[in-house]
Amino acid sequence: MIGQWQLRAAFAVRLSEMYGREVPAYTTLVDVSREVNEDVLHARGADAERLGSIGRVTAERHGAIRVGTPRELRQVARVFGALGMHPVGFYDLRDAAASAVPVVSTAFRPVDGEELARNPFRVFTSLLTPADPRFFDADLRARLEAFLAARELFPPEVLALADRATADRGLPADDAERFLQLAVNAFELSAEPVDRAWYRTLEKVSAVAADIGGVRSTHVNHLTPRVLDIDELYRRMTDRGIEMIDTIQGPPAWKGPDVLLRQTSFRALAEPRAMRTEDGGVVSGALRVRFGEVEARGIALTRAGRALYDELLGRVDEQAARQPAAARDDIARAVWERHLPGSEEELAAQGLAYFTYRLADDRPRDGRTPPTGVSELVRQGWVRAEPVVYEDFLPRSAAGIFQSNLSGEGTRDNDRQGTAYDADWLSGAIGREVLDPFALYEQQQNGSLAQVARALGLTDPVR
């Protein structure tokens with residue numbers, strides 16, 4: 001049997017190879033990321049692996065796909081379920097960017113700590129929202145929904161194999177090979193001609209809507225390696241003549257601990273596509289829909305930490321509006337250094353970030369009774385705190401990446417009331433629960449504290 005984590009690892013490798021053939025600049029991005037990681041490891045030693053081993057970081061990828069209907073999203077969930085991946089987090093990108101991005105999203109990923117360590121592959125998956133009248137009037141919505149209902153993204157065979165892999169937690173070797181072939185093929189860029197008039201109709205609303213609903217298949221929009229120094233990566237890619245987007249999304253570079261997620265990308269490339277004209281002929285055209293993203297991951301913040309992060313973003317926005325000549329990164333760095341704790345110890349003490357805890361191997365056994373407070377256990381050397389890696393995404397950053405790679409702003413009628421979507425709605429659409437990432441991090445932290453309490457013989461829980 002080929003286990004689910006092995007299927008996941010093999011799928012990630014094959015998808016990366018396929019995408020590299022289709023988008024050669026992606027291979028350059030992976031190569032430069034590897035170079036940067038090796039240099040950081042050489043310069044910083046063990047500290048470079050504070051948020052994951054170099055083996056994990058080098059192999060780590062996340063992908064992004066877009067689908068049009070709840071039915072398609074349920075099928076995606078079956079394919080990724082075969083790989084041991086679950087929907088985590090709800091992201092509403094519709095109001096997270098100035099441009100028209102009419103999607104709500106989740107991320108399929110492993111949730112168990114051991115599974116993440118084996119292979120943390122994740123796929124950010126966006127669902128089009130034709131029911132939102134700010135983007136689609138009644139006539140266009142009806143035409144779009146009819147178009148989407150008539151297409152088939154995944155052959156029945158791959159879905160049947162996916163269901164078997166989920167039920168049996170793996171597949172026999174021959175079936176595993178067949179599943180991987182079919183699954184990777186489902187995310188390749190199709191050579192089928194694109195209906196030019198229909199695509200342009202949707203593109204007037206949103207380039208994202210056209211990419212989802214203007215074609216008869218889905219495809220990988222980007223694959224993302226992980227890098228240990230994203231600012232250096234940005235410089236090296238630019239030096240190689242590859243056009244990057246204007247900014248690095250997420251927290252600024254600063255002297256304190258890395259938190260949450262920083263992302264950037266090279267700009268979407270004009271790729272040749274066959275276009276079907278109104279008279280039925282086929283001509284050569286080009287579309288800009290795929291790009292190369294890269295990420296640097298930091299420490300997962302608690303609900304309180306995330307609230308502080310959002311508050312600081314608001315302060316940066318206000319100051320940037322008042323000082324248009326100032327560099328936004330400089331403003332953000334000053335705000336961060338003024339308001340965010342500058343060490344892991346302070347983040348933990350203030351309950352702003354998640355950590356796991358383990359007994360210290362080098363503390364002398366002096367017969368003293370250990371304290372029950374986690375801060376004192378750390379301060380007195382009883383336990384060591386290890387940061388929990390942020391495994392998820394930021395809606396504003398994701399929308400910023402999308403926006404930076406759009407061919408136009410699109411249109412949105414802000415006088416109309418938007419359709420309400422939330423995690424419960426998305427759970428119903430997928431047919432399985434969209435998990436709360438905060439709850440997953442809390443379970444990870446609390447589980448480690450329970451182990452510490454047992455090991456120290458404490459009757460009261462460690463808090």
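Colleague: Which residues of H6 are buried?

Modeller: This is a predicted model, in which local features need pLDDT of at least 70 and side-chain atom pairs count only at pLDDT 80 or more, while totals for chains, interfaces and linings use all residues. Residues are numbered from 1 along each chain as its sequence is written, and side-chain values use heavy atoms, with hydrogens and water left out. Helices (DSSP runs of H or I, at least four residues) and strands (runs of E, at least two) are numbered from the N terminus, and a residue is buried under 20% relative accessible area, exposed over 50% and partly exposed in between, for a 1.4 Å probe and protein chains only. On this basis, the buried residues of H6 are Leu 140, Leu 144, Phe 147 and Leu 148.

Colleague: Which exposed residues does the face of H6 turned away from its buried side carry?

Modeller: Helix H6 covers residues 138–149. The buried side packs against H4, strand S5 (122–128), helix H9 (196–205) and helix H10 (207–213), where contact means heavy atoms within 4.5 Å. The face turned away from that side carries Ala 138, Asp 139 and Ala 149.

Colleague: At what angle do helix H4 and helix H17 pack?

Modeller: Two packed helices are described by the angle between their axes and the distance between the axes. The axes are lines fitted to C-alpha atoms, for helices over the stretch in contact, and angles run from 0 to 180 degrees between N-to-C directions. The axes of H4 (residues 70–81) and H17 (residues 423–430) are 8 Å apart, and the angle is about 75°.

Colleague: Is H4 roughly parallel or roughly perpendicular to H17?

Modeller: Angles under 35 degrees count as roughly parallel, over 145 as roughly antiparallel, 65 to 115 as roughly perpendicular and the rest as oblique. With an angle of about 75°, H4 is roughly perpendicular to H17.

Colleague: Which residues of H4 and H17 make the contact?

Modeller: On the H17 side, the contact is made by Leu 426, Ala 429 and Ile 430. On the H4 side, the residues are Pro 70, Leu 73, Arg 74 and Ala 77.

Colleague: Is Leu 260 buried or exposed?

Modeller: Leu 260 is found in the loop between helix H11 (230–239) and strand S9 (261–266). Its phi is near 55°, a positive value in a residue other than glycine. At 1% relative accessibility, Leu 260 counts as buried.

Colleague: Is Arg 169 buried or exposed?

Modeller: Arg 169 lies in the loop between helix H7 (156–168) and strand S6 (170–171). Although Arg 169 is not a glycine, its phi is positive, at about 60°. With 62% relative accessibility, Arg 169 counts as exposed.

Key:
Expected span 1.5 Å × (residues − 1).
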